[in-house]
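We will go stop by stop.

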Amino acid sequence: MLIKRKRGWELPESAVTPEHIYLNRRNLMKAAGGGLLTAAGAGLIAPGFAAAQQDWGTVRGASEGDPTADLYPVTRNPAYTVDRPVTDAEFATTYNNFYEFGSHKEIWRAAQDLEIRPWTVRFDGMVEEEREIDIDQLIRAMPLEERIYRLRCVEAWSMVVPWSGFQMSHLIDYARPLSSARYVRMETFLDPDMASGQQQAWYPWPYVEGLTMDEAMNELAFMVTGMYGQPVTRQNGAPLRIHAPWKYGFKSLKSIVRITFTDERPLTFWEEVASNEYGFWANVNPEVPHRRWSQARERDIATDEMIPTQLYNGYAEFVEGLYENRQDEALFM
Ligand code: MTE
């Protein structure tokens, strides 16, 4: 007998979506044979879906004229929802960390200087063949879907966002790494004339992050190209960022230009800045405090409510197996 066990982070879609939209979408899913609509179906929009964007609030700095705008909204994957309301878009798009544009939270206007076209992503290192691809070609080749994920920043604030994009494993398949590759290293653009924060020479630009191959292949690891049913805004990491929801937000690199497969653990941006405070693994754990503050609770950026933080940000059942043989390492910083 097939028993579907509910994971801790799973809730029915009806818990986060206004009912009329949820019901419309259910009909659409039925029409599609019950399966997840992928690339070919990405243009199919449930009647009423557009209204959902209004319910989510105003997206500031929406990417007008984005050449992929016609792709959104994409169909939600109902397997990924959470037990908290979606954060009003106005908060998620005006309270950001993007040090390339300043070291405070109000960088969203400054980030409008980010030129997101032309944009290419380079795949190199331990791959069958190094190559560079135009971002629009890449996005259009991938099976886009929407997932509602939590984001927990190491600074103890959090939000819930409907991200659009594709599972990172599809990107890995596309890149064709060699079997000897053990890590994925990702890099943001470097352009101090455009991004004034990069003139601050004490930071080790460009921003670099990394995952093990196992982490990158985990089904939760997601490449973000959109949010709130639109292309992702510049301040949130256009045109391509990652989101690994069981890790602190600093692992979720924005505005990616290069992806390198390697057998050496990458030295990441914050590790290089302060290795005694920010490590490579950075898995969320309420019981392991940061050197300067507790991680037991987090502040919802929209409501200011303080809520308990969950191990692996509520995604333990998905990812704890990744760390079974690594208990001696600093998994939670
Ligand atoms: N990526 C780049 N390139 N530069 C950054 O400063 N900040 C990180 C991460 N990705 C950052 C980045 C941190 S600390 C967090 S918490 C998240 O982005 C914030 O994402 P948000 O602004 O979409 O909430």
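This is a predicted model: local features need pLDDT of at least 70, side-chain atom pairs count only at pLDDT 80 or more; totals for chains, interfaces and linings use all residues.

**Stop 1: the ligand.** Select the ligand. The space it takes is the largest pocket. Now show the 17 residues around the ligand; Tyr99, Glu100, Arg241, Ser252 and Lys254 come nearest.

Next, look at individual polar atoms. A polar backbone atom of Tyr99 is 2.7 Å from an oxygen atom of the ligand. At Asn97, a backbone N or O atom lies 3.3 Å from a ligand oxygen atom. Then pick Thr188: a polar side-chain atom there lies 3.2 Å from a nitrogen atom of the ligand. How much of the ligand's area does the protein bury? Taken alone, the ligand exposes 530 Å², and the protein buries 99% of that.

**Stop 2: helix α5.** Select residues 168-175. Met168, Ser169, Leu171, Ile172 and Ala175 are buried. Turn the view to look down the axis of α5: its buried residues fall within an arc of 155°, so they line one face of the helix.

Step on to Arg176, which follows α5. Arg176 sits in the loop between α5 and β5 (183-188). Its phi is near 50°, a positive value in a residue other than glycine. Arg176 is partly exposed, with a relative accessible area of 34%.

Stop 3: Go to Asp304, in the loop between β11 (297-300) and β12 (306-308). Asp304 is not a glycine, yet its phi is positive, about 65°.

Now select Arg117 and Pro118. A cis peptide bond joins them, with omega about -10°. Pro118 lies in the loop between α3 (89-92) and β1 (120-125).

Finish at Ala238 and Pro239, also joined by a cis peptide bond; omega is about -5°. Pro239 is in the loop between β8 (230-231) and β9 (241-243).

Methods:
Residues are numbered from 1 along each chain as its sequence is written. Side-chain values use heavy atoms; hydrogens and water are left out. Buried means under 20% relative accessible area, exposed over 50%, partly exposed in between (1.4 Å probe, protein chains only). Helices (H or I, at least four residues) and strands (E, at least two) are DSSP runs, numbered from the N terminus. The arc is that of the directions from the helix axis to the C-beta atoms. A residue is near a molecule or strand if one of its heavy atoms lies within 4 Å of it. A polar contact is a pair of N or O atoms within 3.5 Å; within protein, one must be able to donate a hydrogen and the other to accept it, and residues adjacent in sequence count only if both atoms are side-chain atoms. Accessible areas come from the Shrake-Rupley method with a 1.4 Å probe; for residues, only the protein chains shown count as cover. On a 1 Å grid over the protein atoms alone, a cavity is a set of points where a 1.4 Å probe fits but cannot get out, and a pocket is an open set with protein on both sides within 12 Å along at least five of seven lines; lining residues have an atom within 4 Å of a point. A molecule sits in a cavity or pocket if more than half of its atoms lie within 2 Å of its grid points.
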